Amino acid sequence: MIIFILPASRGGAERSEAEGRVTKKENNSPLSLHALRVDSSPARGGAWMAVLFALVLGACATAPEPAPRWSIIVHGGAGVIERANLTPEVEAQYRASMQRALDTGGAILDRGGSSLDAVEAVIREMEDDPLFNAGRGAVFTAEGRNELDASIMDGRTRAAGSVAGLTRTRHPISAARAVMQNSRHVMLIGEGAETFARTQGLEEVDPSYFFTERRWQQLEENLRANTLPIPQRPAGAPPAPRAHLTWPDDHQFGTVGVVAFDTNGDIAAGTSTGGTTGKRWSRVGDAPIIGAGTYAQNTICGVSATGTGEFFIRVSVARMICARIEFNGESAQEAADSVIAEVGATLNNQGAAGDGGVIVLDGEGRPAWAMNTPGMYRAWQTAGGEPTVQIFADEE
Ligand code: ASP
C-alpha cells in the first residue's frame with residue numbers, strides 16, 4: 001500500500017443531504033491525505049510512475065494555503081436562528097460577543113499562549129455572557145434549576161476533563177480543566193464534581209447568579225407545551241416582570257464551544273452548556289461527553305459540537321469527524337458534512353431528526369464548520385487573517 005497526497009475537492013455553499021439540510025463552507029483546506037490501495041507489481045511500475053506524476057502535478061496546481069501560525073474557531077450555539085426573528089439590536093449584540101471571543105482567544109494565541117489557555121479563557125468569558133446557554137444565561141431544567149455541563153480536551157496528550165450537573169460553580173469549563181489536570185479521572189458529576197471544584201479553589205456563586213428572565217420564560221413556555229407544572233421562580237431571582245417579554249431569537253440552543261490551534265501546533269477543544277430547556281431526571285447531553293460534543297487530537301483535528309445532544313451522543317459526532325479525517329483521509333470539511341448529515345438522518349423514538357452543528361480545525365489549524373439548522377453563531381480567525389463572524393446558514 002502506498003499513500004499519496006491528493007487535492008481535496010473544494011466545497012460549495014449549500015446542499016441537501018440525507019434528511020438534513022447541510023450547510024458547508026470550505027475554509028482554506030485545499031489538500032487532504034487520501035489513502036489509496038495500489039497494486040505495486042513491478043510490471044505496472046511505469047504506469048504507476050505516470051499516475052504518481054499526474055497526481056503530484058494536480059497537487060501543485062492547487063497549491064495548499066500554508067498552515068496558519070495559529071487559529072481559532074468559536075460557536076455560540078445552533079438552532080432556529082432566522083433574520084425574521086432577530087432584531088438588529090440583538091443580532092449586533094451576538095456579533096459583538098462573537099468578535100470579543102475571537103479577540104480574547106486571538107490575543108492569547110498571538111503572544112504564543114497555549115490552545116488550552118485560549119479555549120478556557122474564551123469559554124469563561126462566554127459563560128459570563130447572558131446571551132449564551134452556558135454559565136450565566138443557561139437554560140432551566142423542568143424543576144427550575146440550572147445544571148451546567150462542560151468538557152475540555154488537550155490534543156497533544158489526549159488528556160480530557162469533564163463535569164456534568166454543576167449548580168454553583170461559576171465557570172464549569174475551569175472545573176473541567178481542573179478534572180483533566182488535577183485528578184485521575186475524566187468525568188465528574190453533580191455534588192461530587194462541585195466538591196472537587198471547591199477543593200480546586202474555583203469560584204462558587206449562588207445558583208440565582210445563573211438566572212435570566214429570558215431563559216425562565218422559555219422554560220415556562222416549554223413546560224406549558226408539555227403540560228408539565230411550572231415550578232416556583234428560584235430563590236434570589238428578581239421578581240417576575242409585569243408583562244410577558246418576548247425574545248426575538250427564541251431558540252433553545254446557545255451552547256458555546258471553542259477549538260484553538262497554537263504556535264506549537266497543539267490543538268485544544270472545549271464546550272460548555274446548560275443543556276436543553278426543560279430537561280428532567282438529571283439528563284446529560286453531549287457537551288460533557290468526550291467524543292460526542294468535544295474532541296481534540298494533534299495533527300488530526302479538534303471539534304466542538306452544538307445541537308440536540310442525544311443525537312450527537314448516538315453518532316459520536318466529535319470523535320467520528322476526527323476518525324474520518326484520520327482513517328478515511330477526508331478533509332475537515334468533508335468529515336464535518338458527512339457526520340452532520342448522519343445526525344440529520346438519525347431519528348429519535350418520536351420520529352424527530354437530529355439537528356445542530358459543529359466547528360472544526362484540521363490538524364494544521366484550518367477551520368471548517370457544518371450545520372443542518374437555519375443558524376449557528378460562529379466565528380473564526382487565523383493568524384494574520386481577517387476575523388469572520390457569521391450567524392445565518394446562507395451567510396458567505
Ligand atoms: N448540545 C447541548 C445539549 O444537548 C445543547 C446545545 O448545544 O444547545 O446539552
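Predicted model: local features only at pLDDT ≥ 70, side-chain atom pairs only at ≥ 80, totals over all residues.
Me: What makes strands E8 and E16 the edges of the open sheet?

Reply: The sheet has 8 strands in the order E8-E7-E6-E10-E9-E5-E15-E16, with mixed pairing. Strand E8 (187–189) and strand E16 (388–392) each have a single partner strand, so one side of each is left without a neighbour in the sheet. On average, and with direction ignored, neighbouring strands of this sheet are turned by 10° against each other.

Me: What joins E15 to E16, and what lies between them?

Reply: Strand E15 (residues 375–382) is joined to E16 by 4 bridges, and the two run antiparallel; alanine 379, for example, has valine 389 of E16 as its bridge partner. The two strands form a hairpin with 5 residues between them, and glycine 384 in the turn has a positive phi of about 80°.

Me: Why are H2 and H3 called roughly antiparallel?

Reply: Helix H2 (residues 88–110) packs against H3 at an angle of about 155°, with the axes 9 Å apart. Angles over 145 degrees count as roughly antiparallel, and H2 and H3 are therefore described in that way. The crossing in which H2 passes H3 is right-handed. On the H2 side the contact involves Arg100, Ala101, Thr104, Gly105, Ile108 and Leu109, which meet Asp117, Ala118, Ala121, Val122, Glu125 and Met126 of H3. By class, these residues divide into 7 nonpolar, 2 polar and 3 charged.

Me: Why is H8 called oblique to H9?

Reply: Helix H8 (residues 317–328) and helix H9 (residues 332–344) have axes 9 Å apart and pack at an angle of about 140°. An angle has to be over 145 degrees to count as roughly antiparallel, while the roughly perpendicular range is 65 to 115, so H8 is oblique to H9. Their crossing is right-handed. Val317, Met320, Ile321, Arg324 and Ile325 of H8 make the contact with Ala332, Ala335, Ala336, Ser338, Val339 and Val343 of H9, a set with 9 nonpolar, 1 polar and 1 charged residues.

Me: Which residues does H3 use towards H4, and how do they divide by class?

Reply: The axes of H3 and helix H4 (residues 172–182) come within 8 Å and cross at roughly 145°. Glu120, Ile123, Arg124 and Glu127 in H3 meet Pro172, Ile173, Ser174 and Arg177 in H4, and the contact divides into 3 nonpolar, 1 polar and 4 charged residues.

Me: What makes up the shell around the ligand?

Reply: The ligand is surrounded by 15 residues, of which the closest are Phe253, Thr255, Gly285, Thr306 and Gly309. The shell has 2 nonpolar, 12 polar and 1 charged residues, in a scheme where Gly counts as polar.

Definitions and conventions:
Residues numbered from 1 in each chain as written. Pairing = 2+ DSSP bridges. Axes fitted to C-alpha atoms, helices over the stretch in contact; angles between N-to-C directions. Parallel < 35°, antiparallel > 145°, perpendicular 65-115°, else oblique. Left-handed = near helix turned anticlockwise from the far one by under 90°. Contact = placed C-beta atoms within 7 Å. Near = placed C-beta within 6 Å.
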